[in-house]
Amino acid sequence: MRRRPLPLICLVGVLSAAGALVSAPAFAGKDGLLEPSLKLAGRGTGAPRVALTFDACMGAADQRILSTLIDNRIPATIFVTARWLKRNGDVLAVLRAHPDLFELENHGAMHVPAVDKPVAIYGIPAAGSPEAVAAEVNGGGGAILAAGAPAPHWFRGATAKYTASSIAQIRSLGYEVAGYSLNGDDGSLLGARAAAHRISAARDGDVIIAHINQPSHAAGEGVAEGILALKARGFTFLRLDEAREQGSHATVN
């Protein structure tokens, strides 16, 4: 597990000592925080299915990933922050021009972990109180509505960690909480080869998390490569609003 503070980008999941993938755990960590899992419910009788979910935390947009999705008609769920929307109006226009491909969901206002106690997660100070959690959640949702997009129904907080009480609070605000089952890029910190390997090894029902806001990172190249590998394997790609999901920690209905 990482022992040092990490850069202020959307960091989720941890690495084992060997660097292997660690999926979202189904229990509380030593810090008392929960990292919920999410998978597609059931098993299809046809092609294997995955849901691609991307966090757009801050910064720019990774056109390597976005172009791959558009050119190959691959749908995805994009979790956007208010601060990312403010800087990327041109990209938002592209996303909204393809409503058949892209579902926009809530990643918060300022990319603050939606945790209602004063802790730091990967060096990022959490919201720290129920009032601050509400501001983070409502600020993100409000920004999506102000941009003219449909009302979001899913929320994923920065770092994808929560307390049981903050999950309950987010649910009371009208959202389901989006965990994941496969961490595709370790907060965009993986190399291209490692990211491609992880994503291309997805299994039926996986909800994959990766990042679409770090165009200067090598991981984006691998994310795009991994997506194309899944397409070549015959996978069907679903958005979260197109499927039934099962999540841990009372995060979904």
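This is a predicted model: local features need pLDDT of at least 70, side-chain atom pairs count only at pLDDT 80 or more; totals for chains, interfaces and linings use all residues.
## Helix 1 and helix 7

Helix 1 spans residues 63-71, and helix 7 spans residues 219-232. Their axes are 8 Å apart and form an angle of about 20 degrees. Angles under 35 degrees count as roughly parallel, so helix 1 is roughly parallel to helix 7. The crossing of these two helices is right-handed.

Which residues in helix 1 meet helix 7? They are Arg64, Ile65, Thr68 and Leu69. On the side of helix 7, the residues in contact are Gly220, Glu221, Val223, Ala224, Ile227 and Leu228. Taken together, the residues of this contact comprise six nonpolar, two polar and two charged.

## Helix 1 and helix 3

Helix 3 covers residues 89-96. Helix 1 packs with helix 3 at an angle of about 15 degrees, and the two axes are 12 Å apart. This angle is also under 35 degrees, and therefore helix 1 is roughly parallel to helix 3. Is the crossing of helix 1 and helix 3 left-handed or right-handed? The crossing is left-handed.

In this contact, helix 1 contributes Gln63, Leu66 and Ile70. Helix 3 contributes Val91, Val94 and Leu95. Five residues of the contact are nonpolar and one is polar, while no charged residue takes part.

## Aromatic rings

How many aromatic pairs does the structure hold? The structure holds one.

A charged side chain is also placed over a ring. Arg156 lies over the face of Phe79, and its distance from the ring centre is 4.5 Å.

Methods
Residues are numbered from 1 along each chain as its sequence is written. Side-chain values use heavy atoms; hydrogens and water are left out. Axes are lines fitted to C-alpha atoms, for helices over the stretch in contact, and angles run from 0 to 180 degrees between N-to-C directions. Helices (H or I, at least four residues) and strands (E, at least two) are DSSP runs, numbered from the N terminus. Angles under 35 degrees count as roughly parallel, over 145 as roughly antiparallel, 65 to 115 as roughly perpendicular and the rest as oblique. A crossing is left-handed if the near helix is turned anticlockwise from the far one by less than a right angle, and right-handed if clockwise. Contact means heavy atoms within 4.5 Å. Ala, Val, Leu, Ile, Met, Phe, Trp, Tyr, Cys and Pro count as nonpolar, Asp, Glu, Lys and Arg as charged, and the others, Gly among them, as polar. Rings of Phe, Tyr and Trp (its six-membered ring) pair if their centres lie within 6.5 Å; planes under 30 degrees apart count as stacked, over 60 as edge-to-face and the rest as tilted. A charge sits over a ring if NZ of Lys or CZ of Arg is within 6 Å of the ring centre and within 35 degrees of the ring normal.
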